[in-house]
Amino acid sequence: MDWHLHLLLSLLVVFAVEATTTKHMKDFIRAVESIEAVNPGLQMLDVVKGLRKSERKRLDDVMNEGFDLFVHVYAVCPNIITRSQWGAAAFIGSPSYLSLPVPYLFIHHTYQPSKPCTTFDQCASDMRSMQHYHQQTNGWSDIGYSFVAGSDGNLYEGRGWNWVGAHTYGYNSKGYGVSFIGDYTSTLPIKSVMDMVRYDFTSCAVNGGRLSSSYSLYGHRQATSTDCPGNSFYLEIQTWERYQSYLP
């Protein structure tokens, strides 16, 4: 058997131990089932034993470089729906790189769509609608937000980790803009979605070297004349870690 498959399976074994949530365990089970479907005679423990005997040095080298990233993506980060998964249109023109890590995180609400999306299909449709509006009406290169939080429990990739967005005028090249689908003028996003951004996203971003470990958090209204992220939500984020009342 190819050593790459050995490595993948050994990582999956460790991942099973690291999986601390039901969702992560389901991801692990699906991954194992997929590999077993192609390799029905495979024995997980035999793979690990074989690695330890004949390929330990190679495994150690790769593990030292890749295991932290593996655990970071699958055990720390929220479930991020990629652009291809939600059906994004192509970027118009050439994107600009962010200089990482960025020092700021800006919180938004979409306002329109005004209702939280509670299923993948609904959230993906909202993403496509927002991207179309941003590109065709606003004349932007792409959807403006770096990431978008849906009430289905997923985080949707907008501009993503590496590209300058169009979310907070004057600060697009200095921070990420994370928006919550819905109008939060008088209500709040559900707690699990707020926690996904407040804790999981920020830990993922900091541990991945994308967001400064000393980052500052702001509401969109602190940078420009807008009601975003809504009165109720803005009061809420003032209780979050790293919120700053002053934006330099």
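The model is predicted, so to speak by calculation alone: local features need pLDDT of at least 70, side-chain atom pairs count only at pLDDT 80 or more, and totals for chains, interfaces and linings use all residues. Residues are numbered from 1 along each chain as its sequence is written, and side-chain values use heavy atoms, with hydrogens and water left out.

I begin with the sheet. It is open, with 6 strands in the order β1-β4-β3-β5-β2-β6 and mixed pairing. Strands here are DSSP runs of E of at least two residues, and helices are runs of H or I of at least four, numbered from the N terminus; two strands pair if DSSP finds at least two bridges between them. At the edges, pairing on one side only, are β1 (80-81) and β6 (211-219). Strand β1 runs parallel to β4 (residues 155-157), joined by 2 bridges, and I81 stands opposite Y156 of β4.

I turn now to α6. This helix, residues 120-137, lies across β1, β3 (147-149) and β4, at about 35 degrees to β4. Such angles run from 0 to 180 degrees between the N-to-C directions of axes fitted to C-alpha atoms, for helices over the stretch in contact.

Which residues of α6 are buried? They are C123, A124, D126, M127, M130, Q131, H134 and Q135, where buried means under 20% relative accessible area and exposed over 50%, with a 1.4 Å probe and protein chains only.

Key:
Contact means heavy atoms within 4.5 Å.
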